[in-house]
Amino acid sequence: SRKMKITSTALSLLFLGNAQAFLPSHRRSTFHFLTTSGNNLGDTFSKTRLHYRNETVTDAQEIQDEISVKTIIFSELGLDHNAISLFGKGRMGTTGDKTLLGGKGANLAEMSRIGLSVPPGFTITTECCKQFCGVWNNEIPAELWEEVLESLKTVEEDMGRTFGDPENPLLLSVRSGAAVSMPGMMDTVLNLGMNDAVVEGLAKKSNNSRFAWDSYRRFLEMFGNVVLEIPRRLFEEEIENVKAQFDVSEDSDLTAFQLKIVVGRFKGVYTKMNLSFPVDVTEQLELAIGAVFKGWIGHRAVKYRDVENIRNLLGTAVNVQAMVFGNMGETSGTGVCFTRNPNNGDNKLFGEFLVNAQGEDVVAGIRTPRPISELESVMPDVFKEFKRNAAILEEFYADMQDIEFSIQEGTLFMLQTRNGKRCGEA
């Protein structure tokens, strides 16, 4: 394969940041680079983590002369930049470039950079979307998929959980995010990584069976609708039938036993559509990433871009992120909030939240959200931290922010921020 020489200065920087990656084991065939910006090296250089195996490396000179850089692999796939960027509290992210990471991915990287509590994850760039919808023929190349799995290992390490492990499961969200906001036009899959074994393990580990089965039924509906294109109304009909059967008015009032029935009914929807639900969690992830990419060329998204005159974008990025749960009980919740009133510009938080809920509940109209001001009396410490974070984000972006957040058992997580839209008076 083609080789690329690394200058002595750059090689020295790589060793400074990653001596442990080179020295404990001198074996490699291909070096895999996941690049993150260096705190004290500026934008010129970067710290690079290396994964290597097989072929013996005898000394540093051979590394310098013969190292096979991942950039070469990506260029052969038609990419001009690294395909994946890691994020999470304490991680710097490769860049804040919305063109490559999309608005959501760039903001996750930037929130990580300024030290806010962001669940760990990684962003697959918009370049990959362009190639996926073009020359890759709607398939993820083996080289990119290997990088996805390597990045997933980093998320597992950060969370102390394992994807697909019933004893200690890690669940993921898979979200789209283009450089320009397209509300309601792109796709999201939450609670990815669920199956019959994982739901039992999650119930045991969380000591909350209702939470586990509620997460499972949500995943079955979202995966079926977004990935397999099953009409959402078929799932809604089934849950409404169960609620009527047990004389329950709200989804949140369903018990663990009743949610198990809902899960069975949702599986029946797959069967009626002659579709099978993939129990292999890595297959779930691959299908979900592909579905988000394909959503870029879906009818809704294309029509929206035409109407809004959005042109010259590469595609959507895919953000794969560790799930945090707002539906784990009365000390958990989720919400959306502007840092100022978007109607008149008042310097007061303006938003809504729900206790014991996940993000889609706030906007779906299933339950009535509460004004953000009431969070101070419900969870005073969380509200204090959220107010502080809102001020930090306003100062960082020098603009009013539109924030999404979740609270898991009293711990606040920042999920997204973007410059807020407002009316003329504001």
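**View 1. Helix 9 packed against helix 10.** In this predicted model, helix 9 (residues 232-245) and helix 10 meet at an angle of about 145°, and their axes lie 9 Å apart. The crossing of helix 9 past helix 10 is right-handed. On the helix 9 side, the contact is made by L234, F235, E238, I239, N241, V242 and Q245. Helix 10 brings in Q258, I261, V262, R265, F266, V269, Y270 and K272. Sort the residues of this contact by type and you get 9 nonpolar, 3 polar and 3 charged.

**View 2. An aromatic cluster that takes in residues from both helices.** W213, Y216, F219, F223, F235, F266, Y270 and F277 form one aromatic cluster. Of these, F235 of helix 9 also takes part in the helix contact, as do F266 and Y270 of helix 10.

**View 3. Zooming in on F132 and F293.** The protein has 13 aromatic pairs in the count. How buried are the two partners? F132 has 2% relative accessibility and counts as buried, and F293, at 1%, is buried too.

**View 4. F219 meets F277.** Here the ring centres are 5.8 Å apart with the planes at 70°, so the pair is edge-to-face. F219 belongs to helix 8 (residues 209-226), while F277 is in the loop between helix 10 (256-272) and helix 11, so the pair ties together parts 58 residues apart in sequence. F219 is buried, with a relative accessible area of 0%. F277 comes in at 16%, and that still makes F277 buried, because the cut-off is under 20%.

**View 5. A charge over a ring: R305 and W296.** The charged end of R305 sits over the ring of W296. From the ring centre of W296, that charged end is 3.8 Å away.

**View 6. Stepping back to the whole protein.** Of the 426 residues in the protein, 54% are buried. Take the contacts with a separation of 6 or more: 67% of them are between residues 24 or more positions apart.

Note on methods
Residues numbered from 1 in each chain as written. Predicted model: local features only at pLDDT ≥ 70, side-chain atom pairs only at ≥ 80, totals over all residues. Heavy atoms only, no water. Phe/Tyr/Trp six-rings, centres within 6.5 Å; stacked < 30°, edge-to-face > 60°. Buried < 20%, exposed > 50% of the residue type's maximum accessible area, 1.4 Å probe, protein only. Helix = DSSP H or I, 4+ residues; strand = E, 2+ residues; numbered from the N terminus. Lys NZ or Arg CZ within 6 Å of the ring centre and 35° of its normal. Axes fitted to C-alpha atoms, helices over the stretch in contact; angles between N-to-C directions. Left-handed = near helix turned anticlockwise from the far one by under 90°. Contact = heavy atoms within 4.5 Å. Nonpolar A, V, L, I, M, F, W, Y, C, P; charged D, E, K, R; others polar.
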